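Here are my notes on this model, as numbered points. Please read them with the structure open.

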Amino acid sequence: MSRISLGLVKALRSQSLQARSTWQLRQDALPALLQTRRFFGWSSNSGDDGKKGDVPESTGTSESSTDERQSGRKSKRTSAAAQEGAIVPVKQDGHLRKDSSGFEPVCMALPLFGRPLFPWHNQLIQITSPKIAKEILSLTENSKKMTHIGFFLRKSMPNELPKEGEEEDLLPSAKLEDMSGEDPMEVLHNVGTIGRVAQAVPVWSPKDGEVVAVQMLVQGAGVVRLEKVLNKGPPLQVQIAQITPEEWDGKDEMVRATMNETILTVQEIMKVSSSFREHAQYVNQSLQQRNARVQPDAVAHLAASLTTAEGAVLDATNPLDKLRLALELLKKELEVAKLQQKISNQIEEKMSKNQREFMLREQLKSIKKELGIDKDDGSETILQKFKERLEGKEVPKEAKEAIDTEFEKFANLAKESQEYQMTRNYLDWLSSMPWSVYSKDTFDLKKAREILDRDHYGLADIKDRIREFIAVGVLRGSMQGKILCFVGPPGVGKTSIGKSIAEALGREFYRFSVGGLYDVAEIKGHRRTYVGAMPGKIIQCLKKVQTSNPLVLIDEVDKIGRGHHGDPSSALLELLDPSQNSAFMDHYLDVAVDCSNILFVCTANVLDTIPGPLLDRMEVIRLTGYDLQEKMKIAEQYLVPNAMVEVGLKQKKAEAQSEVQVQKVAEEVEKSEDAKPQEPEPEPEVKAEPKQLKPEVKAEIETGAIESLIRWYCREAGVRNLQKHIERICRKLATKVVEKWEDKSQGTSSKDTDATGDAIDPSKSEVIELRVDEASLSEYVGKPVFTSDRLYEGQLPSGTVTGLAWTAMGGSVLYIEATALARRRSDPDKPATAPPMLAVTGQLGNVMKESSQIALLVARRQLQARGKDGFFEEHELFLHCPEGATPKDGPSAGVTMTTALLSLAMKKPIPTDLAMTGEVSLNGKVLAVGGIKEKTIAARRAGCKTLIFPEANRRDFDELPKYLQDLVAPSPSEFHLHFAFDRGLLIEG
Ligand code: ADP
């Protein structure tokens with residue numbers, strides 16, 4: 001490989017040198033030189049009357065040209081001489097003869113660069129040194145004989161090449177021709193070629209008409225040795241000696257064979273190389289013509305002239321050596337030519353393929369046009385649109401390839417074809433992906449706190465967790481690889497906090513729910529082969545938000561389904577898993593999409609149903625429900641103001657929302673505006689006649705009303721239901737405002753109070769004042785949903801215990817009722833031996849059923865320990881949990897059931913204000929349970945003063961906010977909190 005390229009470089013280098021020394025022909029010299037081509041048999045034009053290679057030897061040129069020069073017409077003279085064909089040909093054997101051909105042992109010598117002149121060969125040589133050029137011209141014009149010049153190859157170029165423009169009049173080569181500053185014996189090869197100047201054409205300076213160069217056609221005549229330098233010149237004068245080649249008797253087989261091989265190689269080069277073709281043809285013809293009496297050295301020289309040969313061929317005197325050297329060079333040249341041809345073929349092939357495609361495409365277009373298929377279907381415009389979308393986006397390599405392929409396909413599809421629409425949709429999706437488009441994260445803790453506080457009351461722990469999360473992001477510089485999961489009852493702000501995080505981070509927000517989702521295609525997309533195929537949710541999200549790093553909220557991960565269309569939870573895992581999602585594969589898109597920069601936030605009501613592998617990768621943040629106090633604050637500070645703004649009873653004021661009492665703020669505004677000229681105040685956004693002056697509206701929901709609303713209408717853990725109720729009240733308020741307003745505007749002055757008892761002051765007719773208090777609440781939201789917190793008022797019957805339960809909606813009080821009926825015994829004197837029977841009712845789940853069995857066992861043991869055996873065996877036992885329509889499950893009622901059974905057996909009623917929770921093991925150990933906060937709130941609501949929790953839950957109770965702990969125990973004497981130990985807690989005595 002390196003050898004080939006070296007050869008190539010070498011070839012190119014010597015060719016460029018060649019070009020510099022020989023082929024710098026001027027335009028005006030061309031006609032004369034063309035003439036010489038004819039003479040030397042280079043062209044075979046028809047009507048060529050001169051016989052190729054067989055022109056009579058004559059020296060007439062110089063004579064006639066001398067005469068004409070005297071008449072002063074230089075250029076015409078020379079070309080005229082050339083047209084006469086009066087150029088002395090080379091002798092057939094190519095050897096100089098001292099006598100007849102005017103060979104002189106003393107002659108002018110000129111250096112050649114790169115490649116020697118060979119005997120038998122004609123070469124154009126340009127001399128750019130004005131002095132030497134003039135000398136040559138005077139020699140050719142004055143001498144009656146042919147001018148002979150010795151040409152010797154320079155061994156090397158001088159170290160310092162003259163810089164261009166150094167001497168303005170001289171070309172760089174002119175300096176090289178001038179040998180006066182060097183030792184020619186050192187610098188030149190001592191074997192060279194004597195050449196006959198067949199023609200010399202002067203080149204004049206356009207400035208002053210002086211001769212500045214000469215172009216000569218030189219015929220190589222014979223090999224000579226440089227004997228002595230006579231005068232360094234310029235021009236250089238030397239003494240030379242002729243080198244006569246060794247005689248060949250024409251019998252040596254080796255020589256003949258080598259000669260034939262050389263001729264064949266020349267012919268081969270001719271076929272391969274177009275650049276050599278003409279020259280090689282000439283050489284070939286020369287060889288053919290002289291085949292019979294050909295000389296080995298003539299063949300060698302002609303062949304070598306084809307190559308980028310150096311002087312070695314000239315130096316050899318043995319015919320076989322000479323031929324071998326020439327053949328070697330020729331073979332190398334053949335290799336280079338072949339390589340050249342290969343390269344050019346390859347390029348040509350590629351070019352022609354492109355051209356062919358282009359041609360075919362054009363033809364296709366015109367065919368389509370002819371057939372009327374191509375009715376400017378707008379494909380171009382669509383393609384253009386897609387391309388514009390992709391501008392400036394850094395599309396990954398894989399996607400780029402897919403897009404390019406589709407573009408190409410789309411351009412050739414007929415609009416009517418089904419594939420057209422499919423490809424178009426696909427390209428639409430591919431081009432509208434936000435490839436490498438990212439929004440900048442704002443890692444600003446202060447701003448994050450502001451936004452979280454603005455939107456949510458309380459939730460201090462959660463807000464801190466989120467701030468920690470952002471702080472880690474600040475340090476790491478990215479939020480990559482994190483999945484947050486908010487777990488808690490509905491309406492506690494899981495979704496809205498996700499939205500606030502997105503805003504705090506400055507990311508786009510997108511939400512989708514996977515609740516009840518059973519088809520993998522919803523997440524991973526359909527394959528494109530289906531009709532109406534669509535990409536999955538996440539790709540839809542990216543298209544919508546147009547950034548590659550949004551915050552995606554996946555709702556209800558605990559309710560993800562599982563159908564016959566694969567397992568969506570594994571697809572979700574693939575999407576969420578930080579180790580997989582950098583190359584998420586959507587079935588529709590079919591190219592990898594980087595989802596690793598998306599911040600995933602999931603929400604769930606319970607943890608149990610979240611698939612394990614998914615849960616493993618999540619950072620779980622629990623949101624417990626709100627108690628009355630918290631709900632009051634949320635309602636007053638967030639829900640009521642927002643609802644008022646929503647229905648148009650108030651104007652949106654960011655500052656007002658942060659105030660505790662919106663009404664107070666309104667009053668302040670009112671006061672401050674009293675001083676100013678009267679302007680219409682916050683007005684309801686209701687359709688009204690524009691000409692009327694809008695009255696001032698003062699609407700308020702009193703704290704008492706809010707409390708009753710929470711107490712008797714909205715008991716669930718979250719605030720969504722509360723929000724709905726408040727909105728309902730506000731809508732009703734708005735209706736009333738408009739009604740009153742209309743009454744007033746129609747002149748039907750209203751009474752002092754209206755039917756609902758709302759006060760209307762007729763003296764201040766511009767002010768409409770509405771107030772919702774505890775008493776009027778039912779007019780707005782109907783009768784209370786809950787009438788009492790307790791099922792039992794007064795003393796509980798023995799066997800009935802207040803338990804505490806936790807549901808997805810929050811905490812609640814759960815009664816356990818146990819009763820017994822005496823068993824009929826076959827022999828009333830004998831004690832009963834049959835195992836006790838316990839029937840449970842009330843939609844209890846498996847775990848709860850098992851709990852009841854354990855409770856019975858523990859109760860029996862407790863009873864035995866107290867020496868009161870036999871009750872359970874002698875009675876049929878029934879256990880029921882009221883609200884039989886509601887399914888219940890879980891182990892936390894173990895303690896309650898045991899207590900109920902013991903209370904029944906011992907006929908000891910349990911205090912009404914005592915509530916308990918805890919799981920019981922077979923050995924009577926009490927285990928920790930969940931939902932302490934919710935249960936505490938529920939117990940308090942039910943008016944329980946004594947709570948019994950498992951000892952293991954002491955930590956949970958201690959972690960409750962202080963006010964909740966206090967709330968449970970308003971005064972220590974009144975309230976008893978027990979932590980149950982394994983034994984002795986249940987019933988004393
Ligand atoms: P979830 O997703 O938990 O079911 P949402 O986030 O949809 O609940 O919340 C329901 C409504 O309750 C929202 O309007 C939200 O603003 C409001 N909300 C919930 N918690 C709070 C809070 N702590 N402060 C203010 N508003 C809240």
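1. One cut-off first: a residue counts as buried when its relative accessible area is under 20%. Serine 892 has a relative accessible area of 16%, so it is buried. Keep in mind that this is a predicted model.

2. Where does serine 892 lie? It sits in a loop, with strand E19 (875–880) on one side and helix H31 (894–906) on the other. The unreviewed UniProt entry annotates Ser892 and Lys935 as "active site". The two are spread over 44 residues of sequence, yet they cluster in space, with a largest C-alpha distance of 11.1 Å. The label comes from the record, and such annotations may be inferred rather than shown by experiment.

3. Now the ligand. Which of the 17 residues around the ligand come nearest? They are Tyr457, Gly491, Lys494, Thr495 and Arg720. By class, the shell holds 8 nonpolar, 6 polar and 3 charged residues.

4. A side-chain N or O atom of threonine 495 is 2.5 Å from an oxygen atom of the ligand. For tyrosine 457, a backbone N or O atom lies 2.8 Å from a ligand nitrogen. Tyrosine 626 uses its side chain: an N or O atom there is 3.0 Å from a nitrogen atom of the ligand.

5. How much of the ligand's accessible area does the protein cover? On its own, the ligand has 560 Å², and the protein covers 87% of that. Helices H18 (494–505), H23 (628–647) and H27 (720–745) are the elements that give two or more residues to the shell. H18 supplies the largest share, 3 residues.

6. Next, the aromatic rings. The whole structure contains 5 aromatic pairs. One of them joins tyrosine 510 and phenylalanine 512. The centres are 6.3 Å apart and the planes are at 55°, a tilted arrangement. Are these two residues buried or exposed? Tyrosine 510 has 13% relative accessibility, so it counts as buried. Phenylalanine 512 is at 3%, and therefore buried too.

7. Last, a record-based span. The unreviewed UniProt entry marks residues 320–356 as "coiled-coil region". In the model, residues 320–356 are 100% helix and 0% strand. The end C-alpha atoms of the span lie 51 Å apart.

Terms used:
Residues are numbered from 1 along each chain as its sequence is written. This is a predicted model: local features need pLDDT of at least 70, side-chain atom pairs count only at pLDDT 80 or more; totals for chains, interfaces and linings use all residues. Side-chain values use heavy atoms; hydrogens and water are left out. A residue is near a molecule or strand if one of its heavy atoms lies within 4 Å of it. A polar contact is a pair of N or O atoms within 3.5 Å; within protein, one must be able to donate a hydrogen and the other to accept it, and residues adjacent in sequence count only if both atoms are side-chain atoms. Accessible areas come from the Shrake-Rupley method with a 1.4 Å probe; for residues, only the protein chains shown count as cover. Helices (H or I, at least four residues) and strands (E, at least two) are DSSP runs, numbered from the N terminus. Ala, Val, Leu, Ile, Met, Phe, Trp, Tyr, Cys and Pro count as nonpolar, Asp, Glu, Lys and Arg as charged, and the others, Gly among them, as polar. Rings of Phe, Tyr and Trp (its six-membered ring) pair if their centres lie within 6.5 Å; planes under 30 degrees apart count as stacked, over 60 as edge-to-face and the rest as tilted. Buried means under 20% relative accessible area, exposed over 50%, partly exposed in between (1.4 Å probe, protein chains only).
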